[in-house]
Amino acid sequence: MAPTTSKRVRNTVVRRHFIIGNEAHVLPHPSYPDPPPDGHTKGWKVFVRPLPNGPDITTWLKKVQFKLHHTYTDASRTIEAPGPFEVLETGYGEFGVEIRLYFASESGEKAVYREHYLVLAPYGSDEQKAKQEQDNLVVAEKLETVEFNEPTTDFFKTLTSEDQFNWLKVKKGRGKGKKPDFVFEGEVEPSAELAEKPFTGVSGVGAGAGGAWSKVYEDQVLRGLAQSAASLEQAVEEERRVMEGRRKRMEELGVAVGAK
Amino acid sequence: MATGSDIRAALASDFTPTVDPLRAAPTPTAARATPNQPRTRQPRLHKKPALRNRGRAAHWTYDTSTPPTRRDRLQVRQWRRAAPSADSTDVEPPASKFAKYDVKAEAPSYDDETYAQHLNHPDWTKEETDLLFAAYEECNGKWPVVVDHYETSTHRSMEELKSRLYSISATLLNLQTPMTAMTASEYSTYEVLKSFDPLKEASRKKLAEGHLRRPRNEVDEETVLLSELQRIMLHQQTLDSEREDLRRRLQHPVADQNGYQYSTSQALTTLWQQLLAADRAKKTQRLRPLEISGSRPSQSAASIADATSATPQTAQAVDMSKQDLLRFGVVQAQEKLPTGISFASDKLSKPRVAKSSLQTDKIAATLAHIGVPELIPLPTPAVVEQFERIMAKMQTLLDLRKVAEKEEQELRVRSAELGV
């Protein structure tokens with residue numbers, strides 16, 4: 001029986017950004033077994049990652065289960081904390097990977113399913129495609145935001161403790177017996193929010209490591225949306241004008257009918 | 001099926017068929033089964049009474065006579081019953097039973113003077129008019145016959161003949177007894193005569209003919225259209241109100257009340273509750289109970305701005321510095337929160353799907369048209385808010401377009417009506 005729900009923190013939402021995505025390479029590639037199995041042309045890795053400057057994802061995510069295509073042996077791959085939540089495989093076809101996220105027990109929440117479509121072939125504009133082919137790296141990522149609505153008090157505590165940022169910090173010992181001092185030495189201040197600018201992530205270059213997720217990108221997206229909103233406004237105005245014209249015509253016709 | 005007697009007859013040829021009390025009459029098969037034997041008739045079970053003369057036979061005569069209604073002295077031989085009892089009611093020859101249907105049509109007559117004075121008409125010569133009147137009298141006023149009878153060089157339709165005769169009758173009636181002196185019935189006759197419109201009559205007859213010769217599918221189509229029309233008429237009320245609603249939404253609403261009664265925060269909250277309750281009653285909710293910023297009533301903005309900031313926030317169970325809140329991604333939310341876990345990217349994808357696939361397609365097309373990408377990989381709160389605003393506007397646009405279609409249709413129908 002589930003324990004009685006502990007008290008919940010009212011009117012609060014804790015947001016955590018994380019990245020669900022995949023990388024794909026054309027084989028042969030150093031990360032993947034050589035020679036590749038018969039018929040497999042691409043090697044790929046599907047992952048669930050935290051933001052490179054964000055708090056530790058294992059605070060709230062304890063286990064991830066990747067459900068691959070049924071033609072794979074052991075189609076259900078489960079990765080537990082702390083290991084990087086990724087699955088490396090080779091293949092030739094794109095399919096939807098069902099990802100099941102198991103939350104920390106103190107949250108008292110059930111597991112949730114997200115779907116990610118595995119992209120293996122180059123996509124996007126011609127420039128982007130060319131770059132992907134050149135680097136032999138296709139990355140398809142999405143920033144997901146999980147919102148914990150009215151979390152339990154225990155969960156809230158873990159989510160707001162400073163320890164979450166320890167994985168980014170470097171231990172600087174102060175001698176024996178004393179608690180090590182954690183000092184952050186990276187470029188960007190750790191925060192649950194998006195970084196101000198794109199930066200090279202902890203584990204590598206730009207795109208694949210999630211460093212591209214920044215406020216700069218957010219501004220880009222916002223600007224695009226603002227433009228769309230403006231053109232939508234125009235369309236609405238247009239419709240309204242036409243409607244006015246129609247109303248006048250209706251009135252005229254009404255008069256004409258009455259006169260008849 | 002072989003009956004018992006058949007079998008007996010077949011087995012024993014000299015077996016004489018006896019009367020079977022269960023069967024009244026001899027069956028033909030039984031008779032035929034014995035071809036060598038003579039047919040013997042079965043006696044009747046019941047007795048018919050012998051014929052009797054019930055009464056005196058009526059006396060009929062076979063004579064020639066002329067039907068009274070004919071003019072051409074035709075001799076017709078008919079069997080006619082002589083008076084069965086001499087004192088009965090008048091015996092009329094059968095032919096004259098129909099004499100009552102010999103209705104003479106009364107057409108007014110005129111002389112040359114009156115004609116020259118009042119009845120002249122550019123299309124009609126005097127000979128034609130006289131011929132028309134003669135034909136009318138002869139054919140007893142039956143117009144189909146009159147049309148056939150009336151033969152001149154110019155072919156005239158029934159409506160033309162009718163209109164000519166009626167107009168002449170009207171004028172003559174008017175001459176006889178001026179309008180002021182006419183009795184009610186005379187006046188009504190006059191009116192009817194005057195109001196004969198040949199064109200309308202012709203079109204009416206064509207319409208009736210068309211109705212007669214309608215093919216099956218047209219009849220079905222017409223019933224469908226009629227039912228749809230009925231539905232439209234029934235819902236006219238609701239459609240109009242919806243349209244008005246839409247127009248009001250687009251326009252800046254005009255304040256009809258003094259806004260100062262809502263300057264206290266308490267009054268404002270009550271106002272907000274009222275609006276929320278009213279909105280809940282509507283079919284599609286436009287107000288979101290979450291953010292107070294979306295509830296701006298149409299009164300003086302200044303007083304409202306003060307009041308909303310004064311509205312007390314719900315008690316915070318958490319005491320953290322603002323910076324810490326940001327660092328840990330804690331957000332103090334306003335009113336309704338969904339329970340459990342939710343994903344922000346859903347807010348970017350779920351509004352795009354509508355109840356019917358047609359609507360979904362329309363939404364997708366509109367979004368593509370204004371340049372919103374299909375996949376927005378960054379669901380931060382700012383992006384989500386912007387997107388929600390766009391979706392709300394788009395709903396309005398789609399509603400506008402729907403109403404536009406309906407109105408266009410109506411306009412087309414009405415202008416077509418007028419054009420006819």
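How many bridges join β3(A) to strand β4 of chain A, and in which sense do the two run? There are 5 bridges, and the strands, residues 61-67 for β3(A) and 76-80 for β4(A), run antiparallel. Strands here are DSSP E runs of at least two residues, helices are H or I runs of at least four, and both are numbered from the N terminus. Two strands pair if DSSP finds at least two bridges between them.

Some ground rules. This is a predicted model, in which local features need pLDDT of at least 70 and side-chain atom pairs count only at pLDDT 80 or more, while totals for chains, interfaces and linings use all residues. Residues are numbered from 1 along each chain as its sequence is written, chains are lettered from A and ligands numbered from 1 in the order written, and side-chain values use heavy atoms, without hydrogens or water.

Back to β3(A). It also pairs with β6(A), antiparallel, over 6 bridges. A:V64 stands opposite A:I79 in β4(A), and its bridge partner in β6(A) is A:L101.

Next, the interface. Contact, meaning heavy atoms within 4.5 Å, takes in 62 residues of chain A and 61 residues of chain B. The two chains bury about 5600 Å² between them, 64% of it on carbon and sulfur atoms; buried area is the accessible area (1.4 Å probe) lost on putting the two parts together, summed over both.

Between chain A and chain B I have 6 salt bridges, each a side-chain nitrogen of Lys or Arg within 4 Å of a carboxyl oxygen of Asp or Glu. One such bridge joins the side chains of A:E147 and B:K347, at 3.7 Å, N to O. On the chain A side of the contact, elements supplying at least two residues each include β1 (12-26), β8 (138-149) and α3 (215-259). The largest share, 24 residues, comes from α3(A).

Finally, the helix. An unreviewed UniProt entry places a "coiled-coil region" at residues 222-253 of chain A; such annotations may be inferred rather than shown by experiment, and positions follow the numbering used here, with feature names shortened. In the model that stretch is 100% helix and 0% strand, with its end C-alpha atoms 46 Å apart. A:R247 and A:E244 both lie in α3(A), 3 residues apart, about one turn of the helix. They form a salt bridge, with the closest N and O atoms 3.5 Å apart. Over all chains, the salt-bridge count comes to 36.
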